[in-house]
Amino acid sequence: GGGAGHLVHGPYLPIEVEGRFCAALSYLTRASPKTFAGNLEVAVSRVDGNGPQGDFRTLARVDLASTNGRMGEAYVEFDTHGLRGMLLEFRVYVEAGVVMNAYHIRTWKGGPGASRWPTLHALEGSSAQRLTPHGALHAL
């Protein structure tokens with residue numbers, strides 16, 4: 001592994017639907033003595049007209065553990081209420097000396113009338129393989 005930095009950033013998706021969402025990153029790291037590999041971050045920004053991108057905000061962040069060659073998944077929850085029209089971005093930051101492959105990020109919207117983070121509560125005690133996403137990146 002090389003120096004620390006972002007392995008993935010983007011895409012910049014305009015937020016069209018306000019609500020509570022979850023995202024899952026599938027990734028793996030090569031064998032490493034480090035337990036902390038990096039993090040997955042959900043951020044928003046704004047572009048006014050043809051001006052520069054600004055008003056950057058971090059909505060959520062979750063640490064990524066080293067997987068030592070096995071597939072891993074990390075889940076993060078975020079809320080887009082009041083952010084319609086802003087640009088949504090996913091970032092995967094990797095620690096120095098860690099070799100990571102990021103495969104894909106899935107997103108889905110929490111159900112109406114459920115608990116604060118209904119999708120993540122469903123994960124407790126269940127296998128990630130049994131989850132079916134209720135949306136995709138383009139649905140945001």
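The side chains of Arg61 and Glu41 are joined by a polar contact of 2.4 Å; a polar contact is a pair of N or O atoms within 3.5 Å, where within protein one must be able to donate a hydrogen and the other to accept it, and residues adjacent in sequence count only if both atoms are side-chain atoms. This is a predicted model, in which local features need pLDDT of at least 70 and side-chain atom pairs count only at pLDDT 80 or more, while totals for chains, interfaces and linings use all residues. Residues are numbered from 1 along each chain as its sequence is written, and side-chain values use heavy atoms, with hydrogens and water left out.

**The chain as a whole**

- The protein chain contains one helix and seven strands, which follow the pattern β-β-β-β-β-β-β-α along the sequence; helices (H or I, at least four residues) and strands (E, at least two) are DSSP runs, numbered from the N terminus.
- Of its 140 residues, 39% count as buried, that is, under 20% relative accessible area with a 1.4 Å probe, protein chains only.
- Among contacts with a separation of 6 or more, 82% are between residues 24 or more positions apart; contact means heavy atoms within 4.5 Å.
- The accessible surface of the protein chain is about 7,500 Å², and 52% of this belongs to carbon and sulfur atoms; the areas come from the Shrake-Rupley method with a 1.4 Å probe.

**The surroundings of Arg61**

- Arg61 lies in strand E4, which covers residues 53-65.
- Arg61 and Glu41 are 20 residues apart in sequence, yet their C-alpha atoms are 4.3 Å apart in space.
- Apart from neighbours within four places in sequence, Arg61 is in contact with Asn39, Leu40, Glu41 and Val76.

**The three-stranded sheet**

- Three strands form an open sheet in the order E5-E2-E7, with antiparallel pairing; two strands pair if DSSP finds at least two bridges between them.
- Strand E5 (72-79) and strand E7 (100-109) are the edge strands, each pairing on one side only.
- On average, neighbouring strands of this sheet are turned by 20° against each other, direction ignored.

**Strand E2 and its partners**

- Strand E2 (residues 20-29) pairs with E7 in the antiparallel sense over nine bridges, and with E5 in the antiparallel sense over eight bridges.
- Ala24 of this sheet stands opposite Tyr75 in E5 and opposite Arg106 in E7.
- Leu28 has Asn101 in E7 as its bridge partner.
- E2 is largely enclosed by the rest of the structure, because nine of its ten residues are buried.

Technical notes: Axes fitted to C-alpha atoms, helices over the stretch in contact; angles between N-to-C directions. Buried < 20%, exposed > 50% of the residue type's maximum accessible area, 1.4 Å probe, protein only.
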